[in-house]
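Here is a friendly walk through one structure. Please have the viewer open as you read.

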Amino acid sequence: MYLALKFLHIFLAIVAVGFTSSFGLILARASKGGADGRELKFALDTIRVMGRIGHVCFLFLLITGIALIHIAGYPWYLWLKWSAGLVVVALLVAQFLLLPTVPKRLAILAARGPGDPEFIALSKRSAVLGAVLGVAALVVLWLMVSKPA
Amino acid sequence: MLFLVLKFVHILSAILAVGFNAAYGLLIGRARRGGLDGREMAFALKTVKLMDDRIANPCYLLLGITGVSMVIVQGYAWSYTWIHASLALLVIVAVLGLAFYTPTLRRQIDVLQSSGASDPEFARLSTRGAILGSVIGVIVIVIVALMVYKPS
């Protein structure tokens with residue numbers, strides 16, 4: 001049971017972090033596409049779907065992580081509290097700050113094109129938030145590996 | 001400390017390599033519903049090519065290097081099934097990726113640009129790419145299972 005959950009936990013981490021790590025590269029390529037923003041629209045549409053999948057995976061990552069602690073009978077070590085806390089913060093940031101910008105950017109893109117100042121500002125904000133979440137994921141991974149008491 | 005750093009790089013490489021690989025199917029699959037001029041498909045294929053060349057393949061290489069280094073640093077016996085089987089499977093993934101998947105992707109881009117997405121050759125190559133991607137995906141899942149269950 002423990003090993004099956006651990007396998008699922010790692011698989012979810014691969015999909016969640018791996019998927020979301022690719023967003024920057026996909027959007028950077030798309031921003032160099034045609035002036036009509038068709039590549040950007042396609043990229044944002046795809047990222048919206050990938051973001052939802054990644055978000056669900058992060059949620060189940062937290063659930064399987066807590067289940068693993070419960071099954072193994074680990075006490076709530078500091079590294080467990082920190083990593084669980086960081087995942088919760090990342091989930092909240094993604095849910096309320098990052099993911100809502102995608103449909104908003106798509107709407108602006110359709111109405112005013114990729115050169116619109118609000119579109120550019122939202123894209124920059126998303127890039128910064130994405131980078132912050134990336135650093136948080138690296139910290140969680142290091143905590144999982146090094147398990148500092 | 002060296003072992004922990006190696007383990008961290010190993011897991012991070014696995015996450016990036018496999019996670020990026022998993023994104024290919026979704027990108028290409030969604031591009032099939034794009035415009036008839038194949039612009040979305042061209043964008044998707046070129047993006048996948050870039051992701052594969054610059055991130056996923058170097059990460060697979062790093063995965064092999066850090067994996068072997070961890071076995072040496074930790075003094076694990078090579079005779080363990082999970083170690084030699086996962087290494088052998090990683091070599092198979094590398095061969096499938098470099099000798100078959102990457103050339104298929106390159107040819108898909110060429111055919112798309114010269115004859116368009118409706119060309120029968122493009123459809124044949126797309127099917128081949130999807131099958132190869134699925135086979136690689138299954139092998140990678142088996143490797144992850146070997147790493148977790150560690151059968152001796």
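This is a predicted model: local features need pLDDT of at least 70, side-chain atom pairs count only at pLDDT 80 or more; totals for chains, interfaces and linings use all residues.

Residues are numbered from 1 along each chain as its sequence is written, with chains lettered from A and ligands numbered from 1 in the order in which they are written.

Chain A has six helices and zero strands (DSSP runs of H or I, at least four residues, and of E, at least two, numbered from the N terminus). Its C-alpha atoms fill a box of roughly 55 × 25 × 20 Å along the principal axes.

In chain B, two helices pair up, and their axes come within 11 Å and cross at roughly 165° (lines fitted to C-alpha atoms over the stretch in contact, with angles from 0 to 180 degrees between N-to-C directions).

| Helix | Residues |
|---|---|
| α2(B) | residues 39-74 |
| α3(B) | residues 81-115 |

α2(B) and α3(B) are therefore roughly antiparallel, the word for angles over 145 degrees.

Now to the core. The largest nonpolar core has 65 residues, and Ile14(A), Ala16(A), Ile15(B) and Ala17(B) have the most contacts inside it. Such a core joins buried Ala, Val, Leu, Ile, Met, Phe, Trp, Tyr and Cys residues through C-beta atoms within 7 Å; buried means 20 or more other C-beta atoms within 10 Å of a residue's own, with C-beta atoms placed from the backbone. Helix α1 (residues 2-31) of chain B gives the largest share of this core, 14 residues.

Methods: A residue is buried if 20 or more other C-beta atoms lie within 10 Å of its own, exposed if 12 or fewer, and partly exposed in between; C-beta atoms are placed from the backbone. Angles under 35 degrees count as roughly parallel, over 145 as roughly antiparallel, 65 to 115 as roughly perpendicular and the rest as oblique.
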